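This report goes through one structure, topic by topic. Please have the model open while reading.

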Amino acid sequence: MDSEYRKLDQREQDLIRKLLENEFDGRDAFLTQIDSVLGKETIPGEFIHLRCTAGDPGPKGPSLIAEGECHDADGALLGVLLHCDKDGFLGVLETIRYDGNPIQRQPQASDVNIVSTPRYWPGRLRDEGPISN
């Protein structure tokens, strides 16, 4: 196993659970992956590549699964995004400070408000309607 990957800490696992709070098709499969997911921080504090070692695959991506927002210590807006990979497994946990400045305080799940969950998966025709919501 790649030694750069590590078990996610509780804060990171809680963020993923928070982002998966709203129901949508595939959500339950993504929830089965959380306890086995490993992470590799490629941009410290901002970008964690995820590798699942167990769990059920969700809808195949790559795709944005969910997006949340919260505020940094100085009030600047942060985005917290969860992506899946092409095989339907959790792929990336990303934190973005929209003004481009460095993140001052890592977001906590309790601070995050969900702003979107998927309505359309890749490959699904728009006129087929929403999958859920």
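Which residue forms a salt bridge with K18? The partner is E21, and the closest N and O atoms of the pair are 3.5 Å apart. Note that this is a predicted model.

E21 has 45% relative accessibility, so E21 counts as partly exposed. K18 has 18%, so K18 counts as buried. The cut-off for buried is under 20%.

Across the whole structure, the search finds 9 salt bridges.

R97 lies in strand β6. R97 has a relative accessible area of 7%, so R97 is buried. One of its salt-bridge partners is D72, with the closest N and O atoms 2.9 Å apart. This pair links distant parts of the chain: D72 is in the loop between β4 and β5, 25 residues from R97. D72 is buried, and R97 is buried too.

D74 also meets R97 in a salt bridge, at 2.8 Å from N to O. D74 is in the loop between β4 and β5 while R97 is in strand β6, so the pair ties together parts that are 23 residues apart in sequence. D74 has 44% relative accessibility and therefore counts as partly exposed. Salt bridges with shared partners join D72, D74, R97 and D99 into one network.

## The sheet

The structure holds an open sheet of 7 strands. Their order is β1-β2-β3-β6-β5-β4-β7, and the pairing is antiparallel. The edge strands are β1 (6-7) and β7, each of which pairs on one side only.

Which strands does β4 pair with? On one side there is β5: the two run antiparallel and are joined by 8 bridges. Within that pairing, L64 stands opposite H83 in β5. The hairpin of β4 and β5 has 5 residues between the strands, and G75 there takes a positive phi near 95 degrees. β4 also pairs with strand β7 (residues 113-116), again antiparallel, through 3 bridges. The bridge partner of G68 in β7 is I114.

Elsewhere in the sheet, 6 bridges join strand β2 (residues 37-43) to β3. These strands run antiparallel. L38 stands opposite R51 in β3.

## The nonpolar core

The largest nonpolar core has 23 residues. Which members touch the most others? They are I16, L20, L50, I65, L82, L90 and L93. The elements giving two or more residues to this core are α1 (10-19), β3 (47-52), β4 (63-71), β5 (77-84) and β6 (90-97). β5 gives the most, with 4 residues.

L82 shows how such a member is surrounded. Leaving aside neighbours within four places in sequence, L82 is in contact with I16, L19, L20, L50, S63, L64, I65, A66, L90, V92 and L93.

## E12 in helix α1

E12 belongs to helix α1. Is E12 buried or exposed? Its relative accessible area is 2%, so E12 is buried. Beyond neighbours within four places in sequence, E12 is in contact with R6, I48 and L93.

E12 can also be placed relative to Q106. The two are 94 residues apart in sequence, yet their C-alpha atoms are 9.7 Å apart in space.

## Rings

How many aromatic pairs are there? The count comes to 1. In this pair, the rings of F24 and F30 have their centres 6.4 Å apart and their planes at 40 degrees, so the pair is tilted. F24 and F30 are both buried. A pair of aromatic rings is described by the distance of the centres and the angle of the planes.

Y5 has a charged neighbour on its ring: R51 lies over the face of Y5, at 3.9 Å from the ring centre. R51 is also the residue in β3 that stands opposite L38.

Technical notes:
Residues are numbered from 1 along each chain as its sequence is written. This is a predicted model: local features need pLDDT of at least 70, side-chain atom pairs count only at pLDDT 80 or more; totals for chains, interfaces and linings use all residues. Side-chain values use heavy atoms; hydrogens and water are left out. A nonpolar core is a set of buried Ala, Val, Leu, Ile, Met, Phe, Trp, Tyr and Cys residues joined through side-chain atoms within 4.5 Å. Buried means under 20% relative accessible area, exposed over 50%, partly exposed in between (1.4 Å probe, protein chains only). Contact means heavy atoms within 4.5 Å. A salt bridge is a side-chain nitrogen of Lys or Arg within 4 Å of a carboxyl oxygen of Asp or Glu. Rings of Phe, Tyr and Trp (its six-membered ring) pair if their centres lie within 6.5 Å; planes under 30 degrees apart count as stacked, over 60 as edge-to-face and the rest as tilted. A charge sits over a ring if NZ of Lys or CZ of Arg is within 6 Å of the ring centre and within 35 degrees of the ring normal. Two strands pair if DSSP finds at least two bridges between them.
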